[in-house]
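Hi there,

Here is the structure I promised to pass along. Have a look, and then read on for what turned up in it.

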Amino acid sequence: MGQGWAAPGLARLLLLLLCFGHPLLVPSQEVTSQVSSNQGTTSQATTRSRTTTHRATTSSQTTQSPTLVTDEAEASKFVEEYDQKSQVVWNEYAEANWNYNTNITAEASKILLQKNIQMANHTLKYGTRARRFDITYFQNTTMKRMIHKIQDLERAALPVEELEEYNQILLDMETTYSVASVCHSNGTCLQLEPDLTNLMATSRNYEDLLWAWKSWRDQVGRSILPFFPKYVELSNKAAQLNGYKDAGHSWRSTYEMPTLEQDLEQLFQELQPLYLNLHAYVRRALHRHYGPQHINLMGPIPAHLLGNMWAQTWSNIYDLVVPFPSAPKMDATEAMIKQGWTPKRMFEEADNFFTSLGLLPVPPEFWSKSMLEKPTDGREVVCHASAWDFYNGKDFRIKQCTTVNMEDLVVVHHEMGHIQYFMQYKDLPVTFREGANPGFHEAIGDVLALSVSTPKHLHSINLLSSNDDSYEQDINFLMKIALDKIAFIPFSYLIDQWRWRVFDGSITKENYNQEWWNLRLKYQGLCPPVARSQGDFDPGAKFHIPSSVPYIRYFVSFIIQFQFHEALCQAAGHKGSLHKCDIYQSKEAGKRLADAMKLGFSKPWPEAMKLITGQPNMSASAMMKYFKPLLDWLLTENGRHEEKLGWPQYNWTPDSARSEGSFAGNGHVNFLGLNLEEQQARMGQWVLLFLGVTLLVATLVLTQRLFSLRQHNHLGPHHGPQFGSEVELRHS
């Protein structure tokens with residue numbers, strides 16, 4: 001999924017990455033916006049946590065002076081001063097954070113920690129002053145919203161020593177993740193980007209994938225674990241000092257939705273038919289490739305076989321699951337390489353798409369200051385893709401270790417969506433310079449990527465030789481998109497389900513890993529390929545956990561981007577199937593996007609939703625409409641194979657299969673080293689039983705015969721020579 005960052009948010013001391021995460025990110029094809037999604041990739045743009053009406057007020061009231069200020073003129077002067085000072089402080093912090101992320105050194109980390117403290121002091125000073133205002137009866141709703149937001153001290157509410165400890169923990173966790181590598185016995189070492197990522201995407205060797213999967217978790221997850229309980233403790237304390245129940249409550253409050261959890265669960269359930277049918281179809285394809293010893297047709301899928309280190313998007317195994325292999329290929333990677341595309345060319349192409357809609361081009365500073373490729377000068381960098389706002393109205397950057405392929409082309413559009421959002425709201429007070437909600441920031445670039453990924457658009461930019469409009473190509477295209485978008489839905493949902501329960505105490509540190517895999521089984525139908533223990537910390541092997549980036553934004557993003565796509569296609573005058581729409585060059589579609597982005601966080605998000613879609617609610621209907629042809633095809637295909645949806649044999653794992661000698665899920669068992677049908681094995685058991693009884697009877701008869709001969713020899717003398725066989729019987 002696309003991944004991205006942005007500069008510091010309101011008093012967010014470390015950048016909140018808006019990763020999409022391909023998808024991670026994860027691009028349109030996967031936009032793991034490791035934001036990100038890849039749609040794995042993921043895109044992250046820094047976002048400040050927002051104070052909302054859900055926040056309890058008791059804590060803030062205790063820090064307010066006895067006489068509260070109700071003068072709106074005085075409040076106006078206050079927010080103006082706050083805005084001016086914040087632009088300077090946040091810019092300095094963003095520069096220090098950028099320098100650290102693009103050159104991880106002890107000196108850079110020292111400077112970053114100093115800027116963290118400066119940010120905290122700024123937040124504490126102005127947050128405390130903001131709490132002097134009683135905004136209950138303010139007539140200016142914009143002023144009221146600004147001050148309410150500034151009143152949240154975020155982590156600056158912590159005592160100084162604990163704040164310093166908290167900042168150090170966050171820095172240590174992210175550094176541990178970013179510089180990690182795993183090594184073969186011959187001394188060859190691989191980093192996550194690009195080495196392990198490429199291995200997971202391209203290898204079809206079960207054991208090689210297992211080595212990469214396990215080694216990354218051994219190296220990273222186990223190293224993050226010692227920091228994590230204290231991180232949880234301090235996150236909760238900071239949230240409670242701001243009037244929240246715990247850190248999860250604080251994160252959820254940014255959506256300004258009292259029924260957020262129930263609403264998200266309903267959206268998830270509406271999409272279940274799509275995911276369950278995709279899961280069953282992919283499981284069958286993996287069974288064909290890897291065989292019954294590794295895949296159970298009624299069980300969960302081993303998590304290392306889906307083309308991505310976290311199994312968040314599955315588009316990299318498209319070659320194993322393509323519905324119609326003889327149809328024209330749709331992956332533009334080969335053409336990009338053949339035509340000499342570079343990372344810069346990819347970003348130029350994305351910039352061109354935005355400007356074709358009448359939106360803003362990136363400024364010159366973007367090209368001179370961004371890090372669009374992994375440095376070759378030996379620097380350690382944070383490769384996770386991110387977009388950055390430097391709060392001066394002209395400096396916007398992307399940090400991405402870009403690879404020339406179709407997946408990263410989608411991630412590039414995802415990250416450029418963050419940049420466009422930054423530019424559109426750059427003239428707002430800094431308090432409002434963030435998305436209408438975190439999911440909006442993630443969705444903008446992905447909406448464009450839905451158009452970029454179409455065969456029609458790829459053909460128009462000379463990356464596909466033909467635009468075959470056949471049914472077979474339609475289904476292949478939708479399958480490729482679904483491997484990113486639909487596969488990502490449960491992953492993006494469960495990560496914060498896990499973290500919220502960690503924050504509220506219902507998951508304890510003794511059960512971190514066990515509960516992680518319980519949720520991955522429940523929502524994704526995946527299992528670990530090897531046994532896991534309490535000493536493992538597999539959540540820590542995903543960037544957003546050690547970097548403390550909320551993840552439910554990606555779930556929201558994947559829902560609303562299809563709502564945006566449907567509305568923008570209508571604005572562009574598109575006729576026909578939704579999945580064939582390309583909004584390139586539509587100024588009307590661009591205007592709808594721009595109007596919503598210009599609001600930033602100045603209005604509740606339903607108002608921004610109205611500007612794009614004409615109505616205020618999140619809905620899964622557009623996503624279901626987009627994938628309707630694929631769902632119909634999957635229902636037919638799965639019915640033909642009598643697939644069992646879900647994973648009724650939920651206790652099955654590759655480990656259990658090896659230990660039990662079972663080839664579960666296909667009616668086969670291991671019998672004397674042979675892979676036989678159960679009926680054949682039962683027949684073999686009866687044959688063995690018959691042979692065993694026959695041998696026993698023969699042994700008894702022979703023993704009786706031997707006993708009789710010995711008795712005969714004792715009763716009388718021998719006459720003449722003895723036969724050799726008789727001698728042998730005596731001495732046997």
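Which backbone oxygen does the side chain of Ser215 reach? The side chain of Ser215 reaches the backbone oxygen of Trp211, at 2.7 Å. Such a polar contact is a pair of N or O atoms within 3.5 Å; within protein, one must be able to donate a hydrogen and the other to accept it, and residues adjacent in sequence count only if both atoms are side-chain atoms.

Before going further, please keep in mind that this is a predicted model, in which local features need pLDDT of at least 70 and side-chain atom pairs count only at pLDDT 80 or more, while totals for chains, interfaces and linings use all residues. Residues are numbered from 1 along each chain as its sequence is written, and side-chain values use heavy atoms, with hydrogens and water left out.

Helix 7

Ser215 sits in helix 7, residues 206-224. Helices here are DSSP runs (H or I, at least four residues), numbered from the N terminus. With a relative accessible area of 16%, Ser215 is buried; that word means under 20% relative accessible area, exposed means over 50% and partly exposed is in between (1.4 Å probe, protein chains only). Trp213 lies in helix 7 too, and Trp213 is buried at 0%. Leaving out residues up to four places away in sequence, Trp213 touches Met200, Ala303, His304 and Trp517, among others; contact means heavy atoms within 4.5 Å. Trp213 and Ala541 are 328 residues apart in sequence, yet their C-alpha atoms are 9.8 Å apart in space.

Helix 18 and its partners

Helix 18 (residues 471-503) packs with helix 19 (residues 512-524) at an angle of about 145°, their axes being 10 Å apart. Axes are lines fitted to C-alpha atoms, for helices over the stretch in contact, and angles run from 0 to 180 degrees between N-to-C directions. The residues of this contact divide into 11 nonpolar, two polar and three charged. Nonpolar covers Ala, Val, Leu, Ile, Met, Phe, Trp, Tyr, Cys and Pro, charged covers Asp, Glu, Lys and Arg, and the others, Gly among them, are polar. Including Trp498 and Val502 on the helix 18 side, the contact takes in Trp516 and Gln524 from helix 19.

Trp498 and Val502 also belong to the contact with helix 8, where helix 18 meets Phe228, Tyr231, Val232, Ser235 and Asn236.

Back in helix 19, Gln524 is buried, at 0% relative accessibility. The side chains of Gln524 and Arg520 are joined by a polar contact of 2.8 Å.

Helices 4 and 2

Helix 4 (residues 141-150) is mostly covered, with seven of its 10 residues buried. Arg145, His148 and Lys149 are among them. The buried residues of helix 4 pack against helix 2 (72-101) and helix 3 (106-130).

Glu74, in helix 2, is partly exposed, with a relative accessible area of 33%. Neighbours within four places in sequence aside, Glu74 is in contact with Val69, Arg132 and Phe133.

Best wishes

Technical notes: Helix = DSSP H or I, 4+ residues; strand = E, 2+ residues; numbered from the N terminus.
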